[in-house]
Amino acid sequence: TAYEIASCLVGSEMCIRDSEYLDSYFIKFFAVDMFKDYQPKKGYDEYFSSDDFLPRSSLEPLLSSLGEMGLDQLNISHEIARKLLLRHGATFRLNDSGNKGSERILPFDPLPRVIGASEWLDLERGLIQRLEAIDLFLADVYGKQQIIKDGIIPRDLIESSDGWRPEMKGFVLPLGKWCHVSGLDLIRDGKGEWLVLEDNLRCPSGVAYFLENRLVMKRIFPSLFNGRVVRPIDDYPSYLLKSLQELAVWTDTPKVVLLTPGVFNSAYFEHSYLAQQMGIQLVEGSDLVCQNQNVYLKTTSGIKKVDVIYRRIDDDYLDPKFFRKDSMLGVPGLIDVLRKGRVAIANAPGTGLADDKLIYTFVPDMIRYYLKEEPRINNVKTYVCARSSDLSFVLENLGKLVVKSVSEAGGYGMLIGPHSSQIEIDKFSAKIKANPRNYIAQPTLDLSTVPSLSDGEVYPCHVDLRPYVLRGKNTWVSPGGLTRVALKRDSLIVNSSQGGGCKDTWVVSK
């Protein structure tokens with residue numbers, strides 16, 4: 001057997017004395033064909049130690065299965081997986097100027113990311129802590145504004161945010177919760193430490209791909225699960241529906257709908273997927289009407305009261321009476337019904353304030369202020385261009401930093417200094433000087449890498465992680481989350497709109 005061959009190669013006396021070393025050598029030998037050209041980058045690789053190229057202990061069962069499969073079969077199965085995702089309609093729409101309206105399958109990588117249970121427990125506690133503080137912040141800043149009065153966050157930074165909704169001041173929401181469905185982006189740095197990169201609190205996307213990835217892995221790559229107990233994620237739709245139903249504190253039989261902008265939205269696949277999985281109706285704004293201080297769904301048998309709206313529409317378009325007057329996507333009068341406590345909206349309008357990448361820098365202060373605790377997961381070091389001292393540093397070091405527009409997402413509005421030309425740096429410098437409040441900057445991190453299938457070869461690619469957190473009466477964190485992969489070689493951008501893909505994330509018992 002391959003194990004016996006490995007024993008001979010290492011030496012029988014050493015094998016008897018050190019079976020753990022033999023196990024590591026065996027894995028290296030058995031998977032050698034697939035990883036023979038794999039070179040971990042400088043920093044932290046989640047499969048192999050960069051120093052001696054030995055596999056991390058939690059990866060050994062997976063590497064055994066990969067060794068048995070081989071690279072050729074992996075590529076064949078990868079193509080089958082791609083076709084399965086296409087048949088399931090797991091696509092997203094590109095609406096940028098160069099790809100207006102084009103549909104693409106989200107690139108799927110078959111080599112899973114593995115996180116140990118104890119490590120995951122620490123992350124889970126940190127995510128819950130962070131969301132509790134953010135919820136308290138939103139309730140406060142739209143209420144008594146004590147955090148402003150106590151000088152923790154300057155008023156002008158809050159009220160100048162694109163996510164600030166003064167129309168929401170004074171609102172009391174069901175269960176006191178503002179963020180019901182959240183997706184926080186985490187990264188591991190070059191030392192393997194977990195950090196929060198940003199918070200997604202308005203309409204976080206990607207969960208349908210998170211669920212589809214696992215389905216594809218179980219159908220096309222069942223042998224990779226051998227020797228592992230991987231925490232299931234199939235119950236996410238049930239937890240999501242339960243969390244939404246709990247917001248309707250006024251009834252025991254709540255009616256929940258999912259509000260979508262329509263088929264031309266980039267995440268429409270996800271909207272329809274989640275509605276189908278939860279067994280609720282997928283509606284557009286024209287399907288709803290506000291009457292008698294309630295929201296109703298128009299049906300062929302008359303109107304039916306709606307208690308909870310899981311909205312996938314931005315604040316600006318929710319209600320033309322309160323926000324954008326020209327919106328054709330929302331429901332006139334919806335915010336009035338919310339104010340009267342006759343409907344719940346997840347997530348609540350105004351949560352986008354905490355999405356602001358500048359406000360993100362204050363979340364550790366929120367945790368200390370509201371919870372009297374130290375953050376369990378730290379932020380990435382961030383420079384705020386609205387501060388004169390930070391602004392000077394950023395302008396002098398643009399070639400070394402990653403600069404982000406505080407209100408944009410999807411990989412847009414960014415400058416990655418080390419990968420940019422002097423012309424691009426000069427243009428970005430002018431933008432920052434014209435509107436410092438709109439930009440933050442972070443060091444160019446050595447993001448952790450995970451082996452990925454790139455152009456038919458196994459190659460180290462940078463990754464981040466988006467776990468999903470649901471908050472109704474209780475808080476539930478998805479085991480793992482959507483691992484996004486920078487599939488373009490040497491790229492740091494994981495966003496699907498910028499050529500990124502995704503892979504399954506396993507939380508395992510070992």
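Two strands count as paired if DSSP finds at least two bridges between them. Helices (H or I, at least four residues) and strands (E, at least two) are DSSP runs, numbered from the N terminus. With that in hand, welcome to this structure.

This is a predicted model, in which local features need pLDDT of at least 70 and side-chain atom pairs count only at pLDDT 80 or more, while totals for chains, interfaces and linings use all residues. Residues are numbered from 1 along each chain as its sequence is written, and side-chain values use heavy atoms, with hydrogens and water left out.

**Strands and their partners**

Strand S22 (residues 482–485) pairs with S23 in the antiparallel sense over 3 bridges, and strand S3 (residues 108–116) pairs with S23 in the parallel sense over 6 bridges. Of the 8 residues in S23, 8 are buried; buried means under 20% relative accessible area, exposed over 50% and partly exposed in between, with a 1.4 Å probe and protein chains only.

Elsewhere, 4 strands make an open, parallel sheet in the order S7-S6-S11-S12. Strands S7 (281–283) and S12 (344–346) are at the edges with a single partner strand each, so one side of each has no neighbour in the sheet. From one strand to the next, the twist averages 30°. Within this sheet, S11 (residues 308–311) runs parallel to S12 and is joined to it by 3 bridges.

Here are some residues that stand opposite each other:

| Residue | Bridge partner | Strand of the partner |
|---|---|---|
| Ile309 | Ile345 | S12 |

**Two crossing helices**

Two packed helices are described by the angle between their axes and the distance between the axes. The axes of helix H6 (residues 117–141) and helix H13 (residues 363–371) come within 9 Å and cross at roughly 80°. Axes here are lines fitted to C-alpha atoms, for helices over the stretch in contact, and angles run from 0 to 180 degrees between N-to-C directions. H6 is therefore roughly perpendicular to H13, on a scale where under 35 degrees is roughly parallel, over 145 roughly antiparallel, 65 to 115 roughly perpendicular and the rest oblique.

Residues of H6, including Ile134 and Phe137, meet residues of H13, including Met366 and Tyr370; contact means heavy atoms within 4.5 Å.

H13 is largely enclosed by the rest of the structure, because 7 of its 9 residues are buried. The cover over its buried residues includes H6, helix H7 (146–149), strand S5 (194–200) and strand S13 (378–379). Just after H13, Lys372 has a positive phi of about 55°.

**Nonpolar cores**

A nonpolar core is a set of buried Ala, Val, Leu, Ile, Met, Phe, Trp, Tyr and Cys residues joined through side-chain atoms within 4.5 Å. The largest one here has 76 residues, and Phe137, Ile309 and Met366 are among those with the most contacts inside it. H6 gives the largest share of this core, 9 residues. Another core, of 67 residues, lies apart from it and includes Leu74 and Leu453.

**A loop residue**

Ser49 sits in the loop between helix H4 (32–35) and helix H5 (60–87). Its relative accessibility is 17%, so Ser49 counts as buried. Leaving out residues up to four places away in sequence, Ser49 touches Leu54 and Arg56.
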